[in-house]
Amino acid sequence: MLLESSSGALSLGASDRPPASAETSLGFVRALENACDPEVRHPGALDDGSDATFSGRTIGRVEIVEAAGRPLRLITDGRGHPGQLTALVQFCGTASVHQADRTAILSDGDLCLVRGSRPLTLEQDACFESILVSVPEKEIAARFPLWRAALLTPIDSGSGVPAVFREAVLSLKRWSGSLGDAGSEGLADAVLDLMGAVICCAVPINSDCVRRSFYHQDRIKTFARLNLANPELSIELIAEAVGLSPRQIHRLFANEELSLMRWIWVQRLEQCYRELIQDGSAQRSISEIAYAWGFNDQAHFSRTFRKHFGVSPRSLRRRSGHPSVSLS
């Protein structure tokens with residue numbers, strides 16, 4: 001990481017000095033840790049009598065970090081960082097956060113959500129204090145389908161659900177020294193639930209619309225499961241069968257981890273896997289099993305199977321104790 005700072009001591013009121021500048025391939029939280037100035041200390045919401053300007057703790061699968069420092073500009077491409085969704089709570093100073101095509105300006109008491117594994121630019125234009133709460137992105141995505149719409153949205157934590165989230169985070173910070181492993185996953189569950197509630201506050205939605213979306217998704221997936229063996233299965237065929245347009249189907253799955261066709265591809269591979277390890281599967285060749293689940297190219301099937309499961313179909317069958325059967 002390249003870090004350039006202005007010369008001379010920096011006092012609390014020296015916000016007119018040039019900020020530190022950092023460019024790194026670290027994820028957001030680790031990059032901020034490296035960029036924080038260890039010489040800066042000032043009172044505020046994070047002040048507990050210690051001299052630390054960056055400290056973190058893990059509670060189950062949730063990471064909570066406190067950061068304080070002088071003005072800085074941080075640029076990270078997010079490579080080498082696991083998929084984390086991070087809530088940045090600004091307690092002191094003004095921050096500008098830019099990611100993808102969105103920018104959030106945060107004042108004292110605001111918070112916003114960012115993706116830790118994506119390129120990001122953070123500018124703190126004064127001495128600052130923040131808390132960052134990172135949770136597994138996949139869990140949020142699975143439980144709150146509109147989470148992407150809440151990204152980089154400034155949220156006032158002065159009242160309502162965001163205030164409860166902020167106070168809960170401060171309480172976890174305050175009592176972290178007395179927390180053991182027992183109950184840590186339960187506390188992590190509570191943090192994820194609260195972050196989901198914040199997302200719902202940031203993205204006002206029509207509950208009927210959400211229910212209809214899940215209803216249509218279930219209809220689409222049910223039809224796809226019943227037709228996995230059809231190599232011609234496509235968005236257009238599914239759309240005609242369920243009475244929706246291809247565009248509507250793409251929109252229904254836009255916020256899912258997998259596109260619909262990618263999901264179908266995974267379902268087919270998993271069906272082939274199950275059949276290959278079943279007793280009696282040696283009665284059929286590997287190619288027959290692949291064709292039965294909608295694959296029409298033997299070589300492509302073998303490559304994608306190995307890429308997805310880390311083992312070839314032939315090796316899996318041999319490992320399962322069945323006789324080796326050729327692809328043909």
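**First stop: an aromatic cluster**

Start by selecting Phe305: its relative accessibility is 0%, so this residue counts as buried. Keep in mind that you are looking at a predicted model.

Next, pick Phe295 and Phe301. Their rings make another tilted pair, with 5.0 Å from centre to centre and 55 degrees between the planes. Phe295 and Phe301 are both buried. To see the whole cluster, select Tyr273, Phe295, Phe301, Phe305 and Phe309, which are linked by ring pairs. In total, the structure holds five aromatic pairs.

**Second stop: two crossing helices**

Show helix α8 (residues 260-277) together with helix α10 (residues 298-309). At what angle do the axes of α8 and α10 cross? The angle is roughly 90 degrees, and the axes come within 11 Å. That is why α8 counts as roughly perpendicular to α10.

For the contact itself, select these two sets:

- from α8: Trp265, Val266, Leu269, Glu270, Cys272, Tyr273 and Leu276
- from α10: His300, Phe301, Thr304, Phe305, His308 and Phe309

Colour the contact of α8 with α10 by class and you get nine nonpolar, three polar and one charged residues.

Switch to cartoon and look for an open sheet of six strands, in the order β3-β4-β11-β6-β9-β12, with antiparallel pairing. Which strands stand at the edges? They are β3 (54-59) and β12 (155-156); each has a single partner strand, so one side of each is left without a neighbour in the sheet.

Zoom in on β4 (residues 62-69) and β11 (residues 128-136), an antiparallel couple joined by seven bridges. Select Glu63 and you will find its bridge partner, Ser134, in β11. Then bring in helix α4 (residues 184-202), which packs on the sheet and touches β3, β4, β6 (84-92), β9 (110-115), β11 and β12. The direction of α4 makes about 105 degrees with that of β11.

Six of its six residues are buried, so β9 is largely enclosed by the rest of the structure. Asp110, Cys112 and Val114 point one way from the strand, Leu111, Leu113 and Arg115 point the other way, and all are buried.

Both of the following strands pair with β9:

- β6 runs antiparallel to β9, with five bridges between them; Leu88 stands opposite Cys112 of β9.
- β12 also pairs with β9 in the antiparallel sense, over two bridges; the bridge partner of Asp110 is Asp156 in β12.

Now select β5 (residues 72-76). In a regular strand, side chains alternate between the two faces of the sheet. Five bridges join β5 to β10 (residues 120-124), and the two run antiparallel. Pick Arg73 and look across: Glu123 of β10 stands opposite.

Most residues other than glycine have a negative phi, so the next two selections deserve a look.

Ala100 lies in the loop between β7 (95-99) and β8 (102-106). Its phi is near 55 degrees, a positive value in a residue other than glycine. Is Ala100 buried or exposed? With a relative accessible area of 67%, Ala100 is exposed.

Finish with Leu152, in the loop between α2 (137-143) and β12. Leu152 is not a glycine, yet its phi is positive, at about 55 degrees. The relative accessibility of Leu152 is 6%, so this residue counts as buried.

Notes
Residues numbered from 1 in each chain as written. Predicted model: local features only at pLDDT ≥ 70, side-chain atom pairs only at ≥ 80, totals over all residues. Heavy atoms only, no water. Axes fitted to C-alpha atoms, helices over the stretch in contact; angles between N-to-C directions. Helix = DSSP H or I, 4+ residues; strand = E, 2+ residues; numbered from the N terminus. Parallel < 35°, antiparallel > 145°, perpendicular 65-115°, else oblique. Contact = heavy atoms within 4.5 Å. Nonpolar A, V, L, I, M, F, W, Y, C, P; charged D, E, K, R; others polar. Pairing = 2+ DSSP bridges. Phe/Tyr/Trp six-rings, centres within 6.5 Å; stacked < 30°, edge-to-face > 60°. Buried < 20%, exposed > 50% of the residue type's maximum accessible area, 1.4 Å probe, protein only.
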